[in-house]
Amino acid sequence: MGWREEITTAVDEWIAVEGGTGQRPRWRRIGRAARAGEPGGYAVDLRGTELNPDQLESLRLAGPEESGVEAGFAVTETMQSGSSLTVKVAEFADPVDPFLWVLQQPPTFLLETLRDGIAGLGDTPLGSLLASGSPAGEPARTEVPAGLFPEQEEAYRACLGTGVRLVWGPPGTGKTMVLTLAIGDLIAAGKRVLLVSATNIAVDNALKGVMRGRRHSPGDIVRVGPPQLKEIADDPQVSLPLMVRARLADVESRRARVSVELLGIRSRAEDLSELEASLVRFDAEVYAEARALVTEPFGDAASRDVRVSELKKAAREVGQSLAAAEQDLNRALKDRDDAEDSRHLWKQVDALLDEADGVEHAATAAESAALQSQERLRETQRDLREVENRTGLAKLRSRAERTDAQAACGDAGVQFREAHDHALKARDIADRRRAQIAVQAEEMTRAIPFSDTEIDRRDKAARGAATHHRTLTRSLGELRTALATAEDEAGRAHLAETLIATAEEQGWPARHGKAAALRPIVASEAARKGPLEERYKQIQEEYERLARDAQGEIIKNARLVATTLARFRTNRHVFSGHYDVVLIDEVGAASLPEVLLAVSHAQQTAVLLGDFMQLGPVVPRALKDKKRPDIQRWLVPDVFQHCGITDPAAARTHPACTTLVTQNRFGRAVMGLVNGLAYGGVLQAGPVVRSPRSPEDPEIVLIDTDGLHELAHVHLTGPSKGWWPAGPLISRALIDLHGGDGETTGVVTPYGDQAEATLEALRDIERDGGPSAEVGTAHRFQGREFPIVVFDTVEGEHSRAAVDGEGIARTGGERLDAQRDQAVQRGHDPRTDSCVRHRERHTHPGGGTEGAGLPVRTAGRPHRHVRSAGSPRQVSDHAARTERATRGVRRPSGGGPLAARGGQ
């Protein structure tokens, strides 16, 4: 069985340990997304997640529930910067409560692609050479760029030579610089280069130098996968999505037009929504009524106030007149009442006079009746004479008529005499009564105080005063009613003007006008939105279909393809390519099969650069414990161990390994610590490393947590993991302190629970301000650089040995058998303040060899059982003790790193 078959069977076992084949991708929620930058841009905090950057393909922006993912928005661009992932979706995308989702491949996905890639290899001379464990090659015999150390020159020649060679270089020894120079010359020489690494940041760091060298032409370089450096992600000559976009300009233009139109629809709908939300306290009808009230003639508050003043003055004057009229009325009524007796007497006089008139009338009537009787008597007498004066036959014939005439004349005489007598008597009575009344009336008249005329005058005066009083009373009432109305209208006018002023100060009328203009537009656009979104989806699908072809062409024509080891085998265009040179950085962190797979694609040269003293590949404990030879040979060791290199001495003597030992990144204190713990003193200070700092400006600061009592107790959350409150509180204080100086901080801790507790403490204060620091275990920080690194050992006063999930143990005063160490902090220059973390291998009762810890011991400190129970979230209960937890921390006057007073 050849090496390819052995690896295939070993990886099959790894797949079985991870759950076997047949698992399907599933949507997993990564985290809440916040708008960032231009429309369609969102940022996601990746701290606390285990997201593999090489699986950032099927990303969608959607709501918090998985049921809404398919209806979400596809991510078109990604850029990872540390713990922050920036994504781009359609500009018009605006999901409520947005979250980022990934269609996560099963744990076996990368393993299956690795297995299939190895199984599909044909004749691979360089891959077989490395598989044999005896790499060899011939360095190029060429001039080297100026400024390189001798060992860097050797590494440079290896990159331009042939065969398979190793380069061992601890942090700061110039591996990236060598890669940068070599790649530039390889491209210039017409070679096709594949640059891969276990981490995105390592790829970007090397690629950054190549780009700055500007020795390439457009299309020579392509970065496949999500960059972590913004300058690479934004470079249209390097970033694959931007290069594809340039090639698909026509489709991109159509997509952009639809996107802009949809963005306009969304923007106008948002504008309307915002306008309506801001107008919730604005009543347009009330405002219109108020405006109409104050704009009518003399309708403003000032004019209405003048009207109120005028009415008050008029009412006051009428009131005064009414008071005077009331006095006049009272006097007139009194005068009228004073004449009441006289009026009564005059009525009696009038009654007497009426009586006199009555008897006079009766006498006159009797006399008139007598005269009428007398006239009838005369008529009957004339009739009788006329009959008696007839003669002859007429006389004889009128005998009866004469008798009747005589009778009538007799009757008339009787009536006359009676009437005459009655008239005489009536006249006598009347004359006598009238004489009596005249005397009596004369006497009464003389006794009456007021004359008829005076009484009439007083009655008229009383009636006039009463009429005047009524008129004034009515006028005052009308004035008061008008005043009340005017005051009410003036009050309404004042309220209206206040309402108008407030509304105009808030800009409500203008907003209402805009909202009124927008409503019909938004309503009409709502019907167009669905079809436009469908159109965008179709164009997007067309773009993605054409992009796959464009990617293949771009990658095929590139002289340098830069990506990660994982993406190298998952991207068919990269994997199917032929490369003259394969350069693998951070190779110590990669599994041997994936290194062999990449090397097998090299036709002339493969150079593997890394530091076997740093964290190695992550292999499940269950797999490591298997005794199968194929697993122990191909999966457990890294490439250096596979080639027989297990320590610095072996590296320096290996014929196919170049060692870089001159470092120019750390100060002497950090270098001395790492040299003493891990590198056996092989590291040497380069010319730019300055002399040791003064005690006031140290590179390494140790903070003693003695005396913090319960804050310094470790809470076990399992047999080999835990957390303590002191770490998050102190870390937060240090982050705040250095953040004030513009320095970023990375917090490294051995345990995931401690990282979670620290993140909770930081998020309590970060809110919407973005991440203040990155937090994680050693694996998360592989290849990263920070000006300040805080290493939280999670070991407090009187704590016993704690074991993390990766098998690290702290054993108090026991000797540390350090076989692997890593100076994780990578400052930008030797003056960078730093704390240090390193990777150790220990011997301890629980077994295991991996992890991280800070070698700080307290001599003679007794060990006591570590308190168990508790949750990482309990750290918030101790927030008030932050000052106490950092009581011993001070900032040196020289502006250097944190210093700490010694513990008690």
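**Nonpolar cores and cysteines**

Ile584 is in contact (heavy atoms within 4.5 Å) with Val196, Leu565, Val595, Ala598, Val599, Val607, Leu608 and Leu609, when residues up to four places away in sequence are not counted. The model is predicted, so that local features need pLDDT of at least 70 and side-chain atom pairs count only at pLDDT 80 or more, whereas totals for chains, interfaces and linings use all residues. Residues are numbered from 1 along each chain as its sequence is written, and side-chain values use heavy atoms, with hydrogens and water left out.

Together with Trp168, Ile584 touches the most other members of the largest nonpolar core, which has 95 residues; such a core is a set of buried Ala, Val, Leu, Ile, Met, Phe, Trp, Tyr and Cys residues joined through side-chain atoms within 4.5 Å. Helix H16 (residues 508-557) supplies the largest share of this core, eight residues, where helices are DSSP runs of H or I with at least four residues and strands are runs of E with at least two, numbered from the N terminus. Another core, of 31 residues, lies apart from the largest one and includes Leu148, Ile183, Leu186 and Val607.

In helix H8 (residues 240-247), the buried residues are Leu240, Leu242, Met243 and Val244, buried being under 20% relative accessible area, exposed over 50% and partly exposed in between (1.4 Å probe, protein chains only). Among the elements that cover these residues of H8 are strand S5 (77-81), strand S11 (221-223), helix H7 (230-233) and H16.

A search of the whole structure finds zero disulfides, a disulfide being a pair of cysteine sulfur atoms within 2.5 Å. For Cys657, the nearest cysteine sulfur, that of Cys643, is 8.8 Å away. Cys657 counts as buried because its relative accessibility is 6%, and Cys409 likewise counts as buried, at 15%.
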